[in-house]
Amino acid sequence: MDDPTTFIEDAIEEISEQVGDRRVLIALSGGVDSSVTAELTHRAIGDRLTPVYVDTGLMRKDETAQISDTFDHMDDLRIVEAQDAFVDALAGVTDPEEKRMVIGEQFIRTFEEVAREVDAEVLAQGTIYPDRIESEGNIKSHHNVGGLPDVVDFEDIVEPVRELYKDEVRQVARSLGLEELISERMPFPGPGLAVRVVGEVTREKLHVAREATHIVEEELEEHEPWQAFAAVLAKGTGVKGDNRVHGWIVSVRSVESRDGMTARAQELDWGTLQRIQSRITGQLDDVARVVYDVTHKPPATIEYE
Ligand code: XMP
């Protein structure tokens with residue numbers, strides 16, 4: 001991409017031409033890719049765009065409220081509360097790829113219902129270049145690539161940021177005037193907190209992952225990592241007050257990267273790490289231990305599953 005302003009003009013024109021007078025549906029995730037895609041599409045076709053946000057119960061803290069605020073200017077914004085359906089569908093599932101499949105299927109089912117109501121012919125997706133590469137290489141089955149258009153019967157698909165890297169999408173977001181919360185936001189995986197909980201997904205583990213991730217994001221914002229979060233690993237022994245407890249082990253991960261395909265664990269100072277540790281163990285009764293992940297990608301992946 002040479003220049004974001006020209007990219008935006010061209011993208012709007014291209015979307016208008018491709019869509020014609022049809023209706024378009026987009027699934028919002030709160031991330032920069034789908035937000036930019038929605039904004040470009042809205043500028044191209046206005047209220048013939050229906051943005052849909054599914055609250056899967058696997059999202060970041062306060063995500064739903066933030067989405068409502070940010071996309072308030074799009075008349076047909078739909079928010080679907082589906083937390084119980086997702087968590088129930090994940091009961092007993094421990095294999096990472098099976099988790100992705102269950103989430104993908106549940107997502108399609110939820111999305112299909114809205115699609116039927118809206119009767120849109122076209123689907124817009126915020127697929128970016130690295131999503132396609134990783135998906136082709138089959139490193140992980142990223143569920144935002146493929147799948148959706150096959151199952152839901154759309155005539156056409158619009159992917160305006162398909163050739164861009166994440167840093168380019170951010171430039172476009174700034175140029176579109178999207179708020180900083182979105183343009184500078186760390187990437188968040190499609191399957192959400194489910195891949196930050198090792199093993200079975202439960203409401204309790206999701207709560208720990210959500211609150212701890214929020215603390216990590218706040219504490220590390222000024223360090224500008226590509227991605228920083230907390231994952232829930234397993235239970236271990238600790239001492240809280242006068243008692244020995246069997247509490248969660250939380251791993252803090254903060255990485256630098258350009259596109260997520262490779263990454264370096266970020267070097268953080270002891271004071272910062274200790275502040276994160278004391279906030280997490282202080283605010284979350286069920287956490288007994290916090291560790292910092294020093295592994296680069298490769299050999300580790302960024303997410304835990
Ligand atoms: P990994 O863990 O594969 O992550 O090193 C690379 C980047 O991709 C994100 N990620 C996903 N995104 N669906 C997504 O949409 C997925 O299943 C998924 N798994 C990982 C991850 O957050 C990182 O930015």
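Modeller: Start with a definition: a charge sits over a ring if NZ of Lys or CZ of Arg is within 6 Å of the ring centre and within 35 degrees of the ring normal. Keep in mind that this is a predicted model.

Biologist: What makes R196 count as lying over the face of F229?

Modeller: The distance from the ring centre is 3.9 Å. The cut-off is 6 Å, so the distance test is passed. K235 gives another case: its charged end sits over the ring of W248, 4.9 Å from the centre.

Biologist: Why is F229 called buried?

Modeller: Its relative accessibility is 0%. Buried means under 20%, so F229 counts as buried.

Biologist: Which ring pairs with F229, and what makes the pair edge-to-face?

Modeller: The partner is Y304. The centres are 6.4 Å apart, and rings pair within 6.5 Å. The planes stand at 90°, and over 60 degrees counts as edge-to-face. F229 is in strand 6, while Y304 is in the segment after strand 9. The pair links parts of the chain 75 residues apart.

Biologist: Why is Y304 called partly exposed?

Modeller: Y304 has a relative accessible area of 24%. That value falls between 20% and 50%, so the label is partly exposed.

Biologist: How many aromatic pairs does the structure hold?

Modeller: Three. One of them joins Y129 and Y165. The ring centres are 5.5 Å apart and the planes meet at 65°, so this pair is edge-to-face.

Biologist: Why do you say that the pair of Y129 and Y165 ties parts together?

Modeller: Y129 lies in helix 6, and Y165 lies in the loop between strand 5 and helix 8. These parts are 36 residues apart in sequence, so the pair ties them together. Y129 has 27% relative accessibility, so it counts as partly exposed.

Biologist: How much area do domain 1 and domain 2 bury between them?

Modeller: About 1200 Å², with 55% of it on carbon and sulfur atoms. K61, V87 and Y165 supply 38% of the area that domain 1 buries against domain 2.

Biologist: Which residues touch the most other members of the largest nonpolar core?

Modeller: L25, L58, V216, I280 and V287 do, in a core of 45 residues. Several elements give two or more residues to this core, including strand 2, helix 5, helix 10 and helix 11.

Biologist: What does L25 touch beyond its neighbours within four places in sequence?

Modeller: Its contacts include T50, V52, F111, A115 and F154.

Biologist: Turn to helix 5. Is T110 buried or exposed there, and how do you know?

Modeller: T110 has 9% relative accessibility, under the 20% cut-off, so it counts as buried. Leaving aside neighbours within four places, T110 is in contact with V54, V80, A82 and F86.

Biologist: What makes the backbone at D62 worth a look?

Modeller: Most residues other than glycine have a negative phi. D62 has a positive phi of about 65°, and it is not a glycine. D62 is found in the loop between strand 2 and helix 3. E224 also has a positive phi, near 50°. E224 lies in the loop between helix 10 and strand 6.

Biologist: Why is E224 called exposed, but D62 partly exposed?

Modeller: E224 is at 67%, over the 50% cut-off, so it is exposed. D62 is at 48%, between 20% and 50%, so it is partly exposed.

Biologist: Which peptide bonds are cis around P298?

Modeller: One joins K297 and P298, with omega about -10°. Another runs from P298 to P299, with omega near 10°.

Definitions and conventions
Residues numbered from 1 in each chain as written. Predicted model: local features only at pLDDT ≥ 70, side-chain atom pairs only at ≥ 80, totals over all residues. Heavy atoms only, no water. Core = buried A, V, L, I, M, F, W, Y, C linked by side-chain atoms within 4.5 Å. Buried < 20%, exposed > 50% of the residue type's maximum accessible area, 1.4 Å probe, protein only. Helix = DSSP H or I, 4+ residues; strand = E, 2+ residues; numbered from the N terminus. Contact = heavy atoms within 4.5 Å. Phe/Tyr/Trp six-rings, centres within 6.5 Å; stacked < 30°, edge-to-face > 60°. Buried area = accessible area lost by both parts, 1.4 Å probe.
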